[in-house]
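These are my notebook entries on what I looked up in the model. Each entry takes up one topic.

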Amino acid sequence: MRPDLPAAFLSGYMMTITKDQLSLSKETRKKMVPYLLIAPVVIYYSMFWLFPVLNAIIESFKDVDGIWTFGNYIHIFKDPVFYEALSNTAFIVIFSVTIEFILAFGLALLINKKFRGSSMFLFLAMIPMSLPAVAVGAMWSSGLATRGWLNSFLMNFGFIDDASKILFLAGGKMSTMLLIIIIDAWTVIPFVMIILLAGLQGVGEDVREAGAIFGGTKFQILRKITIPMLKPTITTAMILRIISAIQIWLIIVLLYGFNRLPVLLEQVVLNYDQLGAEYFERIGLALSVVVAIIVSAAAIFYLKVSGSFEKEEKQDE
Amino acid sequence: MNNVVKRQLRRSAKRTSLYIVLVGIAFIIIFPVFFLFSFSFMSDYETYSEWPKPLVPSFKANFMIDKNTEGYHLFIFNKSEDGFMPFGPLVFANNEKDIDSLRKFIKLQSNCKISSQKIVEYLKVVDNNSRVEFSIKKDLLANYILFFKVVNGAPKAVLNSLMVAGATILISLSIGGLGGYAFARYFFKGKNILKLSVLFVRMFPAVSLAIPMVIILAKMGLYDQPLGLSLVYSVGQISMSIWITASVFMSIPVSLEEAAMIFGTSKVGAFWHVTLPLALPGLAACAMYSFIGSWNEVIAAVVLTQFNPTFPVVVYKALVGSQGQINLITAGSVAQALPAIIFTLIIRKYIIQMWGGVKV
């Protein structure tokens with residue numbers, strides 16, 4: 001401030017400014033509120049998600065001495081195990097997501113009625129999704145072992161005898177993958193079912209009744225009313241499932257150990273955690289970037305095919 | 001008339017088939033979980049020496065002591081063989097050392113507690129009658145106690161897990177709750193992106209996120225610390241919290257807040273005195289959901305801990321490294337699963353409500 005300005009002028013000048021600012025800020029402040037509320041989320045994500053992700057991407061392009069290179073990626077794409085892991089993962093994802101969705105959808109349609117004990121039943125259905133992954137692993141590895149509870153059960157009820165014990169874990173690649181798909185289905189179907197049930201409750205009985213009054217058959221009502229109204233929920237369930245199905249690995253390692261049935265994320269952990277050298281750590285990083293790209297591509301592909309993007313554009317108009 | 005009967009018949013047939021399917025699903029869900037629990041109560045003897053293994057753990061074990069010229073012999077009743085089988089040392093004598101080691105063996109192998117005096121008493125009976133049969137009540141929780149004694153650092157790991165979960169709840173509920181409120185009450189640019197953030201953060205595998213976090217946390221001095229781990233968990237939990245709290249706040253009408261403001265409270269006051277108390281049960285459910293998420297997580301914890309592992313890491317290492325017998329490991333797994341199952345029981349209604357509000 002210039003010292004030779006009259007004090008009165010100065011104070012008047014300042015007053016107008018502050019008044020102006022105040023009247024302005026009341027408007028902007030109101031608009032600012034939601035941004036202030038979500039600011040911590042944005043800051044947190046940039047610090048603890050975006051930053052490490054960028055870090056991982058950058059480091060995956062460097063070698064042990066910190067020199068820029070494509071070497072880590074070349075190593076991955078030259079490795080035949082990567083392609084095996086890729087095809088195994090694709091097989092498991094396609095079959096498990098399809099089977100899980102069909103079964104879960106059927107169950108959700110069936111259960112979407114008021115019945116006695118429904119609250120207790122829903123709790124039961126939530127048990128597999130609340131079980132820790134390690135407990136699921138312990139459960140199945142104690143069950144599928146040659147002298148596990150599954151064979152014991154079958155023997156106790158006389159289905160098999162000691163000579164015909166089933167070697168669940170000793171099968172070939174195909175039966176290994178089928179077993180993994182079944183176990184995954186056990187863990188996940190209740191979860192998908194609950195998401196779909198929640199969506200079905202939003203559709204409401206009255207809409208379907210209206211369809212019935214206008215002479216729709218059950219199948220027509222399902223196809224023309226229920227499924228279209230349920231579409232956002234179906235998309236949510238499918239995307240969440242695709243994302244986590246591609247990242248399957250822990251149950252495989254808990255049952256079979258590393259390298260028996262290579263899948264993508266198992267290879268990341270193998271490189272990072274088991275091999276121990278920094279060279280492999282960087283390969284693990286590069287591989288996890290590849291996995292992230294595959295996951296995003298699959299999710300976007302699904303969104304595109306299911307037409308969720310079009311819907312969003314329509315909303316914008 | 002005939003039609004009415006037909007309709008009623010059809011309806012009851014429908015009902016019956018519904019219940020049959022429900023019972024079938026319940027059976028498929030419970031079947032493996034039952035065995036997880038069942039194994040965790042079995043003694044080493046039941047687990048490894050009976051075949052086929054019992055489906056239900058026994059509550060007691062039957063023993064027999066008999067005697068020949070060499071000395072005393074101990075037998076245990078084996079259900080699968082349907083008879084007494086030799087148990088423990090082939091031969092033992094009536095002296096303090098032998099009886100003490102016998103007592104320890106019985107406790108370790110069959111989870112049954114018996115005092116040395118009692119054994120001596122039985123031996124006296126054997127001297128007179130040539131054999132004695134007796135049964136001892138099994139200590140059902142023995143595996144659980146042993147797991148925490150044998151597996152290195154298990155009690156401390158539980159404490160670590162609780163601290164991680166507590167910090168995760170604090171971070172994710174405060175940050176996510178603000179976001180959820182903004183979501184429920186305001187329109188703003190980037191709302192859709194924020195909505196999808198829950199998907200974005202899942203697309204980069206958690207284990208891969210943990211790898212660069214090692215360096216970042218080490219720089220912050222938080223590597224191998226509960227707080228450091230909770231910072232990583234909060235990334236996923238914040239987005240869940242936004243979804244859950246948004247649906248909680250949406251279920252509370254804005255008009256209540258407006259009414260409070262007419263009576264002279266500020267916006268903040270209205271939130272504090274009206275909305276928050278109403279939202280409290282939903283927020284508690286959200287906290288429990290965060291608890292379950294962080295309590296169960298194992299992969300990032302394996303990468304991000306070294307000397308201060310969380311409880312799932314301890315169980316994971318016991319399972320992968322086969323450090324313990326399977327009955328011990330199942331006991332550890334059940335101990336880990338129980339809090340998650342109980343919290344799920346409490347918040348089951350909110351889980352449905354929450355997913356109802358979630359739409360991509």
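Entry 1, strand pairing in chain B. I looked up Ala61(B) and found that it stands opposite Ile136(B) in E4(B). The model is a predicted one, and I read every entry below with that in mind. The two strands concerned, E1(B) and E4(B), run antiparallel and are joined by 7 bridges.

I then turned to the pairing of E1(B) with E2(B). Strand E1 covers residues 60-68 of chain B and strand E2 covers residues 71-78 of chain B; 6 bridges join them, and they too run antiparallel. Two partners in E2(B) were noted: His73(B) is opposite Asp66(B), and Tyr72(B) is the bridge partner of Lys67(B).

In which order do the strands of the open sheet lie? I read the order as E3-E2-E1-E4 in chain B, 4 strands with antiparallel pairing. The edges are strand E3 (83-86) and strand E4 (131-137) of chain B, each of which pairs on one side only. Direction ignored, neighbouring strands of this sheet are turned by 35° against each other on average.

I also checked what lies across this sheet. Helix H4 of chain B, residues 116-129, lies across E1, E2 and E4 of chain B. Its direction is at about 155° to E4(B).

Is helix H13 of chain B mostly covered or mostly uncovered? I found H13(B), residues 311-320, mostly covered, with 8 of its 10 residues buried. I list the buried residues of H13(B) as Phe311(B), Pro312(B), Val313(B), Val314(B), Val315(B), Tyr316(B), Ala318(B) and Leu319(B).

Next I looked up Leu196(B), which is found in helix H7 (residues 191-203) of chain B. Leu196(B) has 15 other C-beta atoms within 10 Å, and therefore counts as partly exposed; 20 or more would be needed for a buried residue. I also took the C-alpha separation of Leu196(B) and Ala287(B), which is 21 Å, with the two residues 91 apart along the chain.

I recorded 13 helices and 0 strands for chain A. Read along the sequence, the pattern of chain A is α-α-α-α-α-α-α-α-α-α-α-α-α. Chain A has 317 residues, of which 35% count as buried. Among the contacts in chain A with a separation of 6 or more, 71% are between residues 24 or more positions apart.

How do helices H3 and H7 of chain A cross? I found that the axes of H3(A), residues 80-111, and H7(A), residues 173-203, come within 7 Å and cross at roughly 40°. Because of that angle, H3(A) is oblique to H7(A). The crossing of H3(A) past H7(A) is right-handed. I counted the residues of this contact of H3(A) with H7(A) by kind: 22 are nonpolar, 2 polar and 2 charged.

Technical notes: Residues numbered from 1 in each chain as written. Chains lettered and ligands numbered in written order. Predicted model: local features only at pLDDT ≥ 70, side-chain atom pairs only at ≥ 80, totals over all residues. Axes fitted to C-alpha atoms, helices over the stretch in contact; angles between N-to-C directions. Parallel < 35°, antiparallel > 145°, perpendicular 65-115°, else oblique. Left-handed = near helix turned anticlockwise from the far one by under 90°. Nonpolar A, V, L, I, M, F, W, Y, C, P; charged D, E, K, R; others polar. Buried ≥ 20, exposed ≤ 12 C-beta atoms within 10 Å, placed from the backbone. Pairing = 2+ DSSP bridges. Contact = placed C-beta atoms within 7 Å.
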